[in-house]
Amino acid sequence: MMMSVKPYTQAEGSKKEQVTAMFNRIAPKYDFLNHLLSMGIDKLWRKRVVRIVARKKAPVVLDVATGTGDLAIALAGIQPKPTAVYGADISAGMLERAAQKVLKRGLQHTIVLKEADSEALPFSDRFFDAVTVAFGVRNFGDLHQGLCEMNRVLKPGGSLVVLEFSRPHIFPFKQLYACYFAHILPWWGGLISKDKEAYDYLPASVLHFPEGKAFEAALVQAGFEVEKSRRQSLGIATIYVAHRPLQ
């Protein structure tokens, strides 16, 4: 399944190339804007992802599309300690920010950061106990290929936990959030980051993402067994939990 929405509609290049350039460009302001525009609630969602992964004892974890490393750092706090946390991202600019945070927290012996394409992960088959993605799958150029790669690197029985934006369905929150997401968020994001197209892309990418049952179907098609999906904060985001079958 090709994800056709691109950040820069007037520019050349594939979605993958444009997404890489976009995140390199907005990396210096990304953390500030991420927490400001989500009003900090994204931290709560990540904690819920961490609790799911923490059910595994001393896991080896891969965080795909790790960005500036917030989820990888949170995963490193699992008790008992994870054996290792790998953070992979296609954007060198985002990984540079992640590396600074990892060093500041003294986690360089737990967290390994790697510049990598989610559709061609540089890891062995059946290597990880868990794979996580927070707000990254909608940026994949080829969703099916990205999901298949995550399935490949998981051990049989290993868990995939995906946190992604979704669309609220409850009146009047649905209408209020749609207004915020389509108008206020792009305006503020563009003003602060100096890249309005990047923050126009955010609501467009969410609108075109196959959420809910459609994403569950994509997981099954990629070889996963879906365990559950839980909508967060009246449907602003959804946590999807799946696993690679034992056989």
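Modeller: A residue is called buried if its relative accessible area is under 20%, exposed if that area is over 50%, and partly exposed in between. The model before us is a predicted one. In this model F128 has a relative accessible area of 0%, so F128 is buried.

Biologist: Is F127 buried or partly exposed?

Modeller: F127 has a relative accessible area of 33% and therefore counts as partly exposed.

Biologist: How is a pair of aromatic rings described?

Modeller: Such a pair is described by the distance of the ring centres and the angle of the ring planes. Two rings pair if their centres lie within 6.5 Å, and planes over 60 degrees apart make the pair edge-to-face. By this rule, the count is 13 aromatic pairs. In one of them, the centres of W45 and F165 are 6.4 Å apart and the planes stand at 85 degrees, so this pair is edge-to-face.

Biologist: Which parts does the pair of W45 and F165 tie together?

Modeller: W45 belongs to helix α2 (residues 41-53) and F165 to strand β5 (residues 154-165), so the pair ties together parts that are 120 residues apart in sequence. W45 is buried, with a relative accessible area of 1%; F165 is buried as well, at 12%. As for F127 and F128, their ring centres are 4.9 Å apart and their planes stand at 85 degrees, so this pair is edge-to-face.

Biologist: Which residues do ring pairs link into a cluster?

Modeller: The cluster consists of Y86, F123, F127 and F128. Y86 also leads us to the strands, for Y86 stands opposite V112 in β3. Strands β2 and β3 run parallel and are joined by 5 bridges.

Biologist: What is the order of the strands in the open sheet?

Modeller: The sheet has 7 strands in the order β3-β2-β1-β4-β5-β7-β6, and its pairing is mixed. At its edges are β3 (111-115) and β6 (225-232), each of which pairs on one side only. Neighbouring strands of this sheet are turned against each other by 15 degrees on average, direction ignored.

Biologist: Which element gives the most to the lining, and what is the lining by class?

Modeller: Helix α1 gives the most, with 6 residues. By class, there are 13 nonpolar, 10 polar and 7 charged residues in the lining.

Notes:
Residues numbered from 1 in each chain as written. Predicted model: local features only at pLDDT ≥ 70, side-chain atom pairs only at ≥ 80, totals over all residues. Heavy atoms only, no water. Phe/Tyr/Trp six-rings, centres within 6.5 Å; stacked < 30°, edge-to-face > 60°. Helix = DSSP H or I, 4+ residues; strand = E, 2+ residues; numbered from the N terminus. Buried < 20%, exposed > 50% of the residue type's maximum accessible area, 1.4 Å probe, protein only. Nonpolar A, V, L, I, M, F, W, Y, C, P; charged D, E, K, R; others polar. Pairing = 2+ DSSP bridges. Axes fitted to C-alpha atoms, helices over the stretch in contact; angles between N-to-C directions.
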